[in-house]
Amino acid sequence: MLPSIASPRLHLSPVSDGDIGLMRRLNADEAVMRNLTRRPATAEETPAEWTERLQGRSDPGRGLGYWIGRADGVFVGWWGLGACSWEPSTANLGYRLRPARWGRGLATEGSRALLSHAFDEVGLATVWASATRWNRASQRVLAKLSMRYVGVRYDQCQFEITAAEWAEAARSRLRGPSSSRLAGCLQQTAMNGDNDEMAMVRAVRAHEIPGRRPIQVAVGQRVQVGSQDTTWPAFVFVTTEDGSGWVPARHIDTGSRPAVMLAPYDTTELATAAGEPLTVLVIDDTSGWTWVRNALGREGWVPSNTIEPIPVS
Ligand SMILES: CC(C)(COP(=O)(O)OP(=O)(O)OC[C@H]1O[C@@H](n2cnc3c(N)ncnc32)[C@H](O)[C@@H]1OP(=O)(O)O)[C@@H](O)C(=O)NCCC(=O)NCCS
């Protein structure tokens, strides 16, 4: 019997035959299926899918299978650790949520709980996951889980994480971001439900943004790589069908022809005024830029040397 698993906002209980009605409604939603089968499932397809998941891909005795997630008693979606009979040391992480609950960090939160279960309780050596090349939200979830991009297979971006990598990621989360400039302020920040640290900073000088339209590049996307930035040497100029912009070179596999993105990236910069308060969302120490949100809710990158912590009184 699979155990129930709790996370800060979710209660995950084993999927049973009685849940198929909920799964049918989930699979009937065009938005949910857009990046999967590209069309809502038929009435027959969902029971067949769940017979396969619950019989072919579950191993409850070992703690592997599928969980239904509820927040405050309301159905959110499902999460799974699909068992591989040919490779017992690994499992396939998956999830599918109701659109009304997207964008709140819940897929990431439930997946973290399952990865803890997979490594700490089941004792797996690795967990893998895949997302279609165009499923950027899912790729982002996998990146937030510290899963490593390993390549594209049959149009699916494959990701993996080992027990050692998971333990290191858990230690890093406890330590928090490593930026020494911001460390003092981050130590005093509140944690939101997704365990992402949020700190208030102030712009010490204005940041002006380029006139160029920002681009978003996905894992596995082919890009044309140009010159290295002279002011920001971590960046190279990238051109795609949608436009061009500066992207950290470490996010690109330049060894392949054409070059391929190893991690998603959004080149959006945020225009700031000196003295403006900002919320830190991501600190990229390696590139020297920080992703922030302003009081109007707009987000984008600013150079880390244009912001400073707001002292906490
Ligand atoms: C993919 C899915 C699970 C994400 O659920 P969710 O609860 O919204 O995920 P989270 O909130 O934990 O994280 C989503 C991240 O993707 C980002 N994102 C969302 N849409 C995006 C897009 N079009 N491009 C880039 N990033 C995007 C969000 O901003 C967020 O990242 P952030 O926290 O850095 O801002 C959900 O959309 C879903 O169930 N989709 C249908 C089924 C599916 O695709 N399952 C995955 C199969 S591989």
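Mentor: The radius of gyration is taken over C-alpha atoms, and the globule rule is 2.2 Å times the number of residues to the power 0.38. This is a predicted model, in which local features need pLDDT of at least 70, side-chain atom pairs count only at pLDDT 80 or more, and totals for chains, interfaces and linings use all residues. Residues are numbered from 1 along each chain as its sequence is written.

Trainee: What makes the radius of gyration of the chain agree with a compact globule?

Mentor: For 313 residues the rule gives a value near 20 Å, and the chain has 21 Å, so the two agree. Along the principal axes, the C-alpha atoms fill a box of roughly 60 × 50 × 35 Å.

Trainee: Which residues have the most contacts inside the largest nonpolar core?

Mentor: They are Trp67, Ala91, Ala118 and Val247, in a core of 49 residues. A nonpolar core is a set of buried Ala, Val, Leu, Ile, Met, Phe, Trp, Tyr and Cys residues joined through C-beta atoms within 7 Å. Buried requires 20 or more other C-beta atoms within 10 Å of a residue's own (exposed: 12 or fewer; partly exposed: in between), with C-beta atoms placed from the backbone.

Trainee: Why is this core said to lie between domain 1 and domain 3?

Mentor: Domain 1 (5-169) and domain 3 (216-266) both contribute residues, so the core lies between them. The domain bounds come from an automatic or database domain assignment.

Trainee: What share of the chain is buried?

Mentor: Buried residues make up 31% of the 313 residues.
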